[in-house]
Amino acid sequence: MRKIRMAVLAAAVGVAAFSTAASAGDAAKGEKVFKRCVACHTVDGKSKATGPTLAGVVGRAAGSLEDFKYSPAMAGSGKTWDEASLDAYLTKPKDFIPGNKMAFPGLPKAEDRADVIAYLSTLK
């Protein structure tokens with residue numbers, strides 16, 4: 001019985017380690033994937049007419065930049081952009097915050113999302 005418990009524990013630790021490593025993302029790859037986003041977003045601290053700047057987005061409250069007019073859904077979402085919320089949003093923006101203005105359908109590949117989040121984390 002003890003051997004079975006040890007095997008289960010070892011497997012659980014292995015899965016947890018793999019999940020963490022897989023979710024870390026690659027910022028260099030994320031910068032390349034982010035090219036899909038530059039039509040609407042900047043990373044230089046200045047918002048475009050279509051989308052807010054994503055400089056400093058990680059850790060920021062959703063809908064909080066003064067120089068961008070957010071939808072009421074985004075402004076009132078109460079969300080803070082961290083790895084988990086960005087991943088959920090980038091999966092399917094309309095599902096994560098219903099009523100938001102972003103027309104982008106999302107990034108279906110978990111690896112692309114992790115890479116973009118890693119890239120966004122480098123932007124201050």
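**Aromatic pairs and the fold around them**

First, the overall layout. The protein has 124 residues, of which 32% are buried, and it contains six helices and zero strands, so that, read along the sequence, the pattern is α-α-α-α-α-α. Among the contacts between residues at least 6 apart in sequence, 39% join residues that are at least 24 apart.

How confident is the predictor? The mean pLDDT is 86, and 81% of the residues reach 70 or more. Over residues 2-22, however, the pLDDT is below 50, and this stretch has, beyond near neighbours in sequence, one contact in the model. Where pLDDT is low, the predicted coordinates should not be read in detail, and I will therefore leave that part of the picture aside.

Now back to Tyr119, and to the aromatic rings. With centres within 6.5 Å as the criterion for a pair, the count comes to five aromatic pairs. In one of them, the rings of Phe34 and Tyr119 have their centres 5.3 Å apart, and because their planes meet at 50°, between the limits of 30 and 60 degrees, the pair is tilted. Which parts of the chain does this pair tie together? Phe34 sits in the loop between α2 (27-33) and α3 (72-75), whereas Tyr119 belongs to helix α6 (residues 110-122), so the pair links parts that are 85 residues apart in sequence. Phe34, at 3% relative accessibility, also counts as buried.

A second pair is formed by Trp81 and Tyr89, whose ring centres are 5.0 Å apart and whose planes are at 55°, so this pair is tilted as well. Trp81 is buried at 7% relative accessibility, and Tyr89 is buried at 8%. These two residues, together with Phe96, form one aromatic cluster, and Lys79 lies over the face of Phe96, at 4.6 Å from the ring centre.

Staying with that region, let me turn to Ile97, which is placed in the loop between α5 (93-96) and α6 and is buried at 3% relative accessibility. Which residues does Ile97 touch, once its neighbours within four places in sequence are left aside? They are Ala73, Met74, Ser77, Lys79, Trp81 and Tyr89. The C-alpha atoms of Ile97 and Gly76, which are 21 residues apart along the chain, are separated by 9.8 Å.

As for helix α6 itself, its 13 residues reach 19 Å from the first C-alpha to the last, close to the 18 Å expected at 1.5 Å a residue. Its buried residues are Asp112, Arg113, Ala114, Asp115, Val116, Ile117, Ala118, Tyr119 and Leu120.

Finally, the cysteines. A disulfide is a covalent bond between the sulfur atoms of two cysteines, and the count here comes to zero disulfides. Cys37 is in no disulfide, the nearest cysteine sulfur being that of Cys40, 8.5 Å away. Cys37 counts as buried, at 15% relative accessibility, whereas Cys40 is partly exposed, at 30%.

Notes: Residues are numbered from 1 along each chain as its sequence is written. This is a predicted model: local features need pLDDT of at least 70, side-chain atom pairs count only at pLDDT 80 or more; totals for chains, interfaces and linings use all residues. Side-chain values use heavy atoms; hydrogens and water are left out. Rings of Phe, Tyr and Trp (its six-membered ring) pair if their centres lie within 6.5 Å; planes under 30 degrees apart count as stacked, over 60 as edge-to-face and the rest as tilted. Helices (H or I, at least four residues) and strands (E, at least two) are DSSP runs, numbered from the N terminus. Buried means under 20% relative accessible area, exposed over 50%, partly exposed in between (1.4 Å probe, protein chains only). A charge sits over a ring if NZ of Lys or CZ of Arg is within 6 Å of the ring centre and within 35 degrees of the ring normal. pLDDT is the predictor's confidence in each residue, from 0 to 100. Contact means heavy atoms within 4.5 Å. A disulfide is a pair of cysteine sulfur atoms within 2.5 Å. The expected span of a helix is 1.5 Å times one less than its number of residues.
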